[in-house]
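Hi,

Here is the structure I promised to pass on. Have a look at it first, and then read my notes below.

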Amino acid sequence: MKEQVVDKEAESKGSEKPAPAPFTIGYDRRNSEAIVYGCMLLAGLFAVVSIVSGMYLLLFAALGPAVIAYWHFPMLEKKRPQLGANEDGLFVDRIGFIDWGAIRMIDLTRTSVRSIELIKLNVLLTRPLEDAITQGQHTPLWKRFTMRNWKRSKREHGRELISINLHTLVGDPDEVLTRIRTFKFV
């Protein structure tokens, strides 16, 4: 008899909504180090060969890998969060905090390309992004021309959708969605 009571108590505790806990996640550096450092090495190699051989036209060949390394550079930043959540709202790098009241829906989209699974967190807003931001984030000028982890698009019904790539970030996408939904279940 006591075992049944204990099991019912355990079931009721397991069904409770977990308490919201602030979190942040950043880029998975393993995916980016080869791209950035490899392109920097290739650009340096082209530049050295160009100067040593006197074929200065080869410096233009160094521009391609240098631009690719510059574009992917934010993926190397260790202590820069890309996505997070707390009482202030949903944090997205280069946007800031999005008010919980401005979020209509949050879901995951999974797409497979050959053996790679691409996962996006879709955040549908009830109002324009500029009005939904509670605390904006300043982005340095040099970083405005580098890769960002999200894409903004207008939906046919006038709302805005923010699609955040989760496959480039550290952490389990389902756990990220669960942790976000502890703040606001949508």
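**The sheet and its pairings**

Lys151 has Ser163 in S9 as its bridge partner. In the same strand S9, Ile164 is the bridge partner of Trp150. Altogether, S8 and S9 pair antiparallel over five bridges. The two strands make a hairpin with five residues between them, and Gly158 in the turn has a positive phi of about 95°.

On to S6: this strand also pairs with S9 in the antiparallel sense, over five bridges. One of the pairs to look at is Leu124, whose bridge partner in S9 is Leu161. Put together, four strands form an open antiparallel sheet, ordered S5-S6-S9-S8. S5 and S8 are the edge strands, each pairing on one side only. From one strand to the next, the twist averages 25°. Helix H5 packs on the sheet and touches S5 and S6, with its direction at about 180° to that of S5. Five of the six residues of S9 are buried, so S9 is largely enclosed by the rest of the structure.

**Arg155**

Where does Arg155 sit? It is in the loop between strand S8 (150-154) and strand S9 (160-165). Arg155 counts as partly exposed because its relative accessibility is 35%. Leaving aside neighbours within four places in sequence, Arg155 contacts Leu124 and Leu161, the two residues that are bridge partners across S6 and S9. Arg155 and Leu124 are 31 residues apart in sequence, with 8.9 Å between their C-alpha atoms.

**The core**

The largest nonpolar core has 31 residues, and the members touching the most others are Leu83, Leu90, Leu121, Val123 and Ile180. Among the elements that give two or more residues to this core are strand S2 (83-86), strand S3 (89-92), strand S6 (116-125), S9 and helix H5 (173-181). S6 supplies the largest share, four residues. As general background, nonpolar side chains in soluble globular proteins tend to be buried together.

**Salt bridges**

The count comes to 10 salt bridges. Here are a few of them.

- Arg152 and Glu130 meet through their side chains at 2.7 Å, N to O. The pair links distant parts of the chain, with Arg152 in strand S8 and Glu130 in helix H4, 22 residues apart. Arg152 is partly exposed, at 35% relative accessible area. Both belong to a network of salt bridges that links Glu130, Arg152, Lys154 and Glu160.
- Asp28 pairs with Arg30, with the closest N and O atoms 3.0 Å apart. Asp28 is buried at 12% relative accessible area, whereas Arg30 is exposed at 68%.
- Glu33 pairs with Arg29, with the closest N and O atoms 3.1 Å apart. The two are four residues apart in helix H2 (residues 29-53), so about one helical turn separates them. Glu33 is partly exposed, at 30%.

**Confidence**

The chain averages a pLDDT of 88, and 90% of the residues score at least 70. Over residues 1-12, though, the pLDDT is below 50, and this stretch has zero contacts in the model beyond near neighbours in sequence. Where pLDDT is low, the predicted coordinates should not be read in detail.

Cheers

Technical notes: Residues numbered from 1 in each chain as written. Predicted model: local features only at pLDDT ≥ 70, side-chain atom pairs only at ≥ 80, totals over all residues. Heavy atoms only, no water. Buried < 20%, exposed > 50% of the residue type's maximum accessible area, 1.4 Å probe, protein only. Contact = heavy atoms within 4.5 Å. Core = buried A, V, L, I, M, F, W, Y, C linked by side-chain atoms within 4.5 Å. pLDDT = per-residue confidence, 0-100. Pairing = 2+ DSSP bridges. Axes fitted to C-alpha atoms, helices over the stretch in contact; angles between N-to-C directions. Salt bridge = Lys/Arg side-chain N within 4 Å of Asp/Glu carboxyl O.
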